[in-house]
Amino acid sequence: MQPTVQIDVDETSGVWRTDGLPMVYVPRHFMVNMHKETERTLGRAAYAEMLNRSGAKSARYWCQQQADLLGRPAPEIFAHYLRRLSERGWGRFTIEALDPEHLTARITLRDSIYVLEAEGQATAPTCYMFEGFLIGAMQFMCDARSVQPLSITCRESACTAMGAPECRFEVNCTFAA
């Protein structure tokens with residue numbers, strides 16, 4: 001797969017933009033090493049919580065910006081977001097199921113940067129960083145329908161670094177009864 005991501009460079013400032021948003025291009029090992037060191041410093045639980053908040057906020061923002069720019073329906077923007085993550089080198093995301101009515105999704109991920117950089121067999125899922133990304137994309141789906149769930153959860157239910165054939169994520173919204 002060759003990326004179709006266009007990079008626009010401001011001649012004056014040197015700022016890179018893709019899809020109208022400022023970007024930073026960094027080596028994969030830098031991102032993974034920073035991830036591992038932050039996890040080691042904060043502890044996995046605290047770091048995962050921080051990643052969920054920041055990832056969700058960023059994904060929701062990106063999806064809304066793209067919806068405003070492209071004028072496409074929310075499910076198409078959700079798919080566009082995962083395609084862009086794939087094209088930017090995070091791994092190869094595939095939507096196995098997306099239910100815009102019940103606001104659920106099942107996503108698979110192959111060739112995750114965290115799996116590719118894993119040192120040996122992992123004892124816990126390594127791709128949990130993406131849970132926040134998927135929560136934010138689902139928050140965007142909820143926003144588009146003007147619904148407010150009690151919660152949105154995402155769980156990495158399988159991880160290649162632990163021996164699964166691919167990483168799998170389940171995204172669910174909880175609503176008041």
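Select helix α1 (residues 28-42) and helix α2 (residues 44-70): their axes come within 6 Å and cross at roughly 125 degrees. The axes are lines fitted to C-alpha atoms, for helices over the stretch in contact, and angles run from 0 to 180 degrees between N-to-C directions. The two helices are therefore oblique to each other; angles under 35 degrees count as roughly parallel, over 145 as roughly antiparallel, 65 to 115 as roughly perpendicular and the rest as oblique.

Display the side chains at this contact (heavy atoms within 4.5 Å). H35, T38, E39 and L42 of α1 meet R44, A46, Y47, M50 and L51 of α2. By class, the contact has 5 nonpolar, 2 polar and 2 charged residues. Here Ala, Val, Leu, Ile, Met, Phe, Trp, Tyr, Cys and Pro count as nonpolar, Asp, Glu, Lys and Arg as charged, and the others, Gly among them, as polar.

The model is predicted: local features need pLDDT of at least 70, side-chain atom pairs count only at pLDDT 80 or more, and totals for chains, interfaces and linings use all residues. Residues are numbered from 1 along each chain as its sequence is written, and side-chain values use heavy atoms, with hydrogens and water left out.

Next, show the whole protein chain as a cartoon. The chain has 5 helices and 7 strands, which run β-β-β-α-α-α-β-β-α-α-β-β from the N terminus on. Helices (H or I, at least four residues) and strands (E, at least two) are DSSP runs, numbered from the N terminus. The radius of gyration is 16 Å, close to the 16 Å that the globule rule gives for 177 residues, so the chain is as compact as a globular protein of that length. This radius is taken over C-alpha atoms, and the rule is 2.2 Å times the number of residues to the power 0.38. Along its principal axes the C-alpha trace spans about 55 × 45 × 30 Å. Among contacts between residues at least 6 apart in sequence, 58% join residues at least 24 apart.

Of the 177 residues, 38% count as buried. Buried means under 20% relative accessible area, exposed over 50%, and partly exposed in between (1.4 Å probe, protein chains only).

Select C127. Leaving aside neighbours within four places in sequence, C127 is in contact with L109, S112, Y114, V115, E156, C159, C167 and F169.

Move to F133 in helix α5 (residues 129-145). F133 counts as buried, at 12% relative accessibility. Not counting residues up to four places away in sequence, F133 touches G55, A56, A59, Y81, L85 and W90. From F133 to R60 the C-alpha distance is 8.1 Å, across 73 residues of sequence.

The last stops are two loops. D111 is in the loop between β5 and α4 and has a positive phi of about 60 degrees although it is not a glycine. D111 counts as partly exposed at 40% relative accessibility. S146 lies in the loop between α5 and β6, and its phi is near 55 degrees, a positive value in a residue other than glycine. With a relative accessible area of 70%, S146 is exposed.
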